[in-house]
Amino acid sequence: MHVSTESPTGERIASVENRLAAIESVLEDHAMHPAAFVDTFNQWATEEWLPENGARVVAKAWSEPDFRLRLLANGIAAIRELGLSMPAHHRHLVALENTATVHNVICCTLCSCTAFTVIGLPPDWYKDLEYRARVVRESRSVLREMGLELAPHIEIRVWDTTADTRYMVLPERPPGTEGWSQEQLTALVTKEGMIGVAKV
Amino acid sequence: MNGMHDLGGKEGFGPVRYTPNAPVFHAPWEVRANALYSLAVKHGVYNMDEYRYAIERMEPRHYLSASYYERSLTSLASLCVEKGLVSRVELERRAGGVFPLARPAVAGRANQPERERFVAGDLVRVRSDHVSGHVRMPGYIRGQIGRVVSESPPYPFPDAHAHGIDAQTEPTYDIQFDSVDLWPDAAEPAKVHVAVFQSYLERASGR
């Protein structure tokens with residue numbers, strides 16, 4: 001995967017695993033207890049920062065018109081109603097509502113910022129060079145290549161996460177789901193739908 | 001900085017390597033890399049702007065060839081060396097080989113002293129600043145005119161915050177640009193929304 005295992009002067013570059021072990025030992029020296037934190041972090045990543053969080057938000061917004069308005073007005077306050085939160089440096093959550101004529105899609109061209117506590121940690125392709133380079137300039141083609149064909153009359157809005165405001169897409173409620181419970185609706189909503197590269 | 005990381009609008013890349021339900025991590029060391037860089041933030045070794053800037057300072061060939069979590073690891077290690085937690089020699093001794101680190105930081109800059117407050121609907125121009133230090137203005141909006149959609153809560157100014165100099169907080173604005181203005185005759189039609197710090201903006205006259 002790495003282009004070279006040698007430095008420009010021909011010395012051998014340590015493997016990423018060995019480099020990581022070296023820096024972990026430095027944090028251990030400084031009493032940061034890295035091993036314990038890795039376990040905690042892994043638990044957050046696999047059990048808490050899940051797209052099911054955002055899916056519950058979406059299902060509630062589809063089901064309760066008042067909640068939808070509160071979500072669109074102040075995302076962080078609205079997700080707190082479901083017991084969800086964001087890190088202190090994410091001071092603003094903007095829900096972007098897809099309609100019959102507007103489709104929203106989020107990205108981060110400079111790094112890979114996301115509302116990870118709500119929609120889950122970003123998938124590999126979101127952090128990759130291709131998506132970051134192309135989606136702001138060729139959004140319709142990129143979405144088509146990813147399997148989402150949008151009619152020509154639909155306006156695409158691309159949101160580049162260049163500050164600490166975070167975004168989530170509020171997808172359109174699929175037809176034929178009238179009368180469904182919020183639990184049933186939650187199961188339909190995907191991380192891809194909340195990034196805006198797929199419909200629900 | 002006008003670095004390799006500033007990818008928006010760069011050409012030559014192929015299709016997104018996309019699979020539905022794609023994994024976040026591909027190997028256990030990636031989880032550890034993610035955990036450890038956030039642990040150092042929690043302990044105040046550095047802030048997120050310093051972390052991003054150290055990634056941007058990676059040698060460009062290394063930046064492009066490194067995976068996402070190798071970039072995290074490189075930033076973490078570079079900042080630990082720069083902040084004096086360990087020497088590079090000792091780090092490489094423990095790693096058993098060369099440990100590529102970020103290139104040195106340059107001077108940062110403070111907030112613009114005179115900043116204007118904008119409201120939804122205002123036309124603004126992104127200042128034509130060329131900033132060698134950390135900056136959160138993607139190059140594709142430099143000098144461009146857009147329309148203010150909304151204001152976000154204030155954040156520390158990253159151009160200062162990444163350099164350890166006094167960073168006043170300032171609002172960011174959701175600015176809507178038209179892709180066909182950003183890349184005339186060379187973009188697919190779309191609205192492009194960018195979160196832009198107040199210091200990067202000035203009122204656009206005319207139009």
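Visitor: Is the crossing of helix 1 and helix 4 of chain B left-handed or right-handed?
Guide: The crossing of these two chain B helices is left-handed, meaning that the near helix is turned anticlockwise from the far one by less than a right angle. The model is predicted, with local features needing pLDDT of at least 70 and side-chain atom pairs counting only at pLDDT 80 or more, while totals for chains, interfaces and linings use all residues. Residues are numbered from 1 along each chain as its sequence is written, and chains are lettered from A and ligands numbered from 1 in the order in which they are written.

Visitor: At what angle do helix 1 and helix 4 of chain B cross?
Guide: Helix 1 (residues 28-42) and helix 4 (residues 68-82) of chain B cross at roughly 35°, and their axes come within 9 Å. Helices here are DSSP runs of H or I with at least four residues, and strands are runs of E with at least two; the axes are lines fitted to C-alpha atoms over the stretch in contact, with angles running from 0 to 180 degrees between N-to-C directions.

Visitor: And which residues meet there, between helix 1 and helix 4 of chain B?
Guide: Helix 1 of chain B brings E30(B), A33(B), N34(B), L36(B), Y37(B) and A40(B), which meet Y69(B), S72(B), L73(B), S75(B) and L76(B) of helix 4, contact being C-beta atoms, placed from the backbone, within 7 Å. Seven residues of this contact are nonpolar, three polar and one charged; Ala, Val, Leu, Ile, Met, Phe, Trp, Tyr, Cys and Pro count as nonpolar, Asp, Glu, Lys and Arg as charged, and the others, Gly among them, as polar.

Visitor: Which strand does strand 2 of chain A pair with?
Guide: Strand 2 pairs in the parallel sense with strand 3 (residues 155-160) of chain A over six bridges, where pairing requires at least two DSSP bridges, and I106(A) stands opposite W159(A). Strand 3 of chain A also runs parallel to strand 4 (residues 191-197) of chain B, joined by four bridges, and there D160(A) has V194(B) as its bridge partner.

Visitor: How many residues does each chain put into the contact?
Guide: Chain A gives 68 residues and chain B 66, and on the chain A side the largest share, 11 residues, comes from helix 1 of chain A. By class, that side has 32 nonpolar, 15 polar and 21 charged residues.

How values were computed
Two residues are in contact if their C-beta atoms, placed from the backbone, lie within 7 Å.
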